[in-house]
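Dear colleague,

Please find below the structure that I am handing over to you. My findings follow directly after it.

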Amino acid sequence: MGDNLEDLIITAAICGAEVTKEHNKAVPYAINEIVNEAEKAYAAGASIIHLHVRQDDGRPTQDLNRFQHVINGIKEVCPDVIIQPSTGGSIGMNIKERIQPIYVNPPPEMATLDCGTMNFGGDDIFINTENDIIYFAEEMIKLDIKPELECFDKGMIDTVLKLHKKGFIKSPMHFNLVLGVIGGISADVRDLVFLIESLPNDATYTVTGIGKYEFNMATASIIMGGHARVGLEDNIYISQGLKAKSNAELVKKIVRIANELGREIATPNKARQILGLV
Ligand code: KMH
Ligand code: ZN
């Protein structure tokens, strides 16, 4: 294994919108905390920072200025890392609110694009109608931003393929297969194989396993030639019952696993080549 697989792109989802310091005190809120977590995750091997931001008191926000400040701060300490703002925001935000971070200056190289409506974690509804998806996609095309297509279930991949045929999403596409959100697809290897086999041949993909599935799903992806996402947004534990001390600790664990399996880690510039960002 590893001989002919491309280098592993590690995405660190360092902040999220729903997880709080009550869940894990390492979840960053203030600008300097987020910048610090990004820097350490990058130093540990992450080439992409998936970014949400917060008010100082922890409330999630999609405020353009707040994103600009955080992105400027991250670029100061790790200028070459790929910054991927979230357009998912948090549950209940409207699409105009959510799209703001794609308008930072200069535009980000990538941003997330959530590809369907779903129950999210129980009673919440994460709304992404087809028209919403088209709106995000068209704005990203205008600014030459590569969408990372967040798919929480197989039907969302079908939606992407349909919108791709209509020209709203360009090839080669990059997917984030998210498994284990309550309301989305479960996180069995069988589910992951099903999703991967549903992707176009020229697509790239990363895999996010939620909660206790984070490392199993990431490891399966490493073996199958995909990429991996870890971070406090998705999982607060480094191992069963033991809270992670930082995002970097989660990144270091997946680097160790990849090393053991003979998969090289991508630098940000290698990640740019793999994703067609250059
Ligand atoms: N906070 C979730 C409701 C994304 O970043 O694009 C959505 C989310 C997805 O985190
Ligand atoms: Zn997110």
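The zinc ion (ligand 2) is coordinated by H50 (NE2), H52 (NE2) and E233 (OE), at 2.1 to 2.2 Å. Please note that this is a predicted model. Along the chain, the donors of the zinc ion (ligand 2) show the spacing H-x1-H-x180-E.

The surroundings of ligand 1 include H50, H52 and E233, together with E18, S86, G88, G89, I91, T112, D114, F120 and F126. A polar side-chain atom of H50 lies 3.1 Å from an oxygen atom of ligand 1, and for H52 the corresponding distance to an oxygen atom of ligand 1 is 3.1 Å. For E233, a polar side-chain atom lies 3.0 Å from an oxygen atom of ligand 1. Of the 300 Å² of accessible area that ligand 1 has on its own, the protein covers 97%.

I also examined one helix. Helix α7 spans residues 214-224, and eight of its 11 residues are buried, so the helix is largely enclosed by the rest of the structure. The buried residues of α7 are E214, F215, M217, A218, T219, A220, S221 and I222. Their cover includes the strands β10 (174-179), β11 (204-209), β12 (227-230) and β13 (237-239), as well as the helices α6 (189-197) and α8 (247-260). After α7 comes G225, which has a positive phi near 100 degrees.

With kind regards

Note on methods. Residues numbered from 1 in each chain as written. Chains lettered and ligands numbered in written order. Predicted model: local features only at pLDDT ≥ 70, side-chain atom pairs only at ≥ 80, totals over all residues. Heavy atoms only, no water. Donors = N, O, S within 2.8 Å, 3.2 Å for Na, K, Ca; no water. Buried < 20%, exposed > 50% of the residue type's maximum accessible area, 1.4 Å probe, protein only. Helix = DSSP H or I, 4+ residues; strand = E, 2+ residues; numbered from the N terminus. Contact = heavy atoms within 4.5 Å. Near = heavy atom within 4 Å. Polar contact = N/O pair within 3.5 Å; in protein donor to acceptor, adjacent residues only side chain to side chain. Areas by Shrake-Rupley, 256 points an atom, 1.4 Å probe, with all protein chains shown as cover.
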